[in-house]
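I opened the notebook to look up a few things in this structure. My notes follow in the order I took them.

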Amino acid sequence: METVPHQAGGLNAPAGGPGTAPANAFVCPECGKAYDGDFALSYHRKVVHDTDPLAAATPGYGNALSHIRNAVIAGFVSTALTVVFAATGFMGMDAWSLIDATIILGLTIGVWNRNRGCAIALFVVWVLEKLFQFVSAPGSIVGIPIAIAFAVFFYQGISGTFEYHRWRAARPPAEGG
Ligand SMILES: [Zn+2]
């Protein structure tokens with residue numbers, strides 16, 4: 001069905017994995033947090049500390065995580081802004097906007113967990129929501145550039161989660177993860 005991309009690329013390069021960690025305890029050298037798989041730890045180090053040698057050795061993987069991170073940050077920022085705007089009535093937003101914010105937040109958490117469906121839904125919900133907002137409150141049209149910027153980040157969430165799963169499928173399974 002789907003071709004596996006760049007099988008012979010950097011994916012099989014020595015990853016410099018957690019050589020000193022016990023098999024079922026992968027501990028972050030930066031903050032000491034424990035993970036049950038080297039992939040989970042790798043993801044954490046890339047996203048939280050940007051210090052993952054595995055990501056450095058596999059550019060596609062690093063890009064996927066960066067894209068996912070961009071979408072997640074955009075989701076959290078959007079949620080925070082919506083709550084503030086709803087509280088102040090800015091740009092026609094009201095309490096109903098909080099329902100939107102809750103949906104966006106939930107989908108953002110899904111993208112954080114590398115869920116492809118949530119990434120698609122986040123992008124679609126965002127675009128539809130903004131279209132509806134601009135139609136129902138034409139004054140809010142001034143927010144279009146920001147809305148487009150967020151849409152770009154949310155689109156990166158789609159490409160990032162799909163890239164992540166392609167990368168993971170092409171990679172030998174990690175112990176316990
Ligand atoms: Zn850490």
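**Overall layout**

I began with burial: 28% of the 177 residues in the protein are buried. I kept in mind that this is a predicted model.

Next I counted elements. The protein has six helices and two strands. I read their order from the N terminus as β-β-α-α-α-α-α-α.

Then I looked up contacts. I took those between residues at least 6 apart in sequence, and 60% of them join residues at least 24 apart.

**Helix α5**

I checked the length of α5. It has 21 residues, which should span 30 Å at 1.5 Å a residue. I found its end C-alpha atoms 30 Å apart, so the two agree.

Which residues of α5 are buried? I listed Cys 118, Ala 119, Leu 122, Phe 123 and Trp 126. I looked down the axis of α5: these buried residues fall within an arc of 140°, so they line one face of the helix.

I then turned to the face of α5 away from its buried side. Exposed residues there are Gly 117, Leu 128, Leu 131, Phe 132, Val 135 and Ser 136.

**Arg 114**

I placed Arg 114 in the loop between α4 (95-112) and α5 (116-136). I noted its positive phi of about 65°, although Arg 114 is not a glycine. Most residues other than glycine have a negative phi.

Is Arg 114 buried or exposed? I found 20 C-beta neighbours inside 10 Å, so Arg 114 counts as buried. The cut-off for buried is 20 or more.

How values were computed. Residues are numbered from 1 along each chain as its sequence is written. This is a predicted model: local features need pLDDT of at least 70, side-chain atom pairs count only at pLDDT 80 or more; totals for chains, interfaces and linings use all residues. Helices (H or I, at least four residues) and strands (E, at least two) are DSSP runs, numbered from the N terminus. A residue is buried if 20 or more other C-beta atoms lie within 10 Å of its own, exposed if 12 or fewer, and partly exposed in between; C-beta atoms are placed from the backbone. Two residues are in contact if their C-beta atoms, placed from the backbone, lie within 7 Å. The expected span of a helix is 1.5 Å times one less than its number of residues. The arc is that of the directions from the helix axis to the C-beta atoms.
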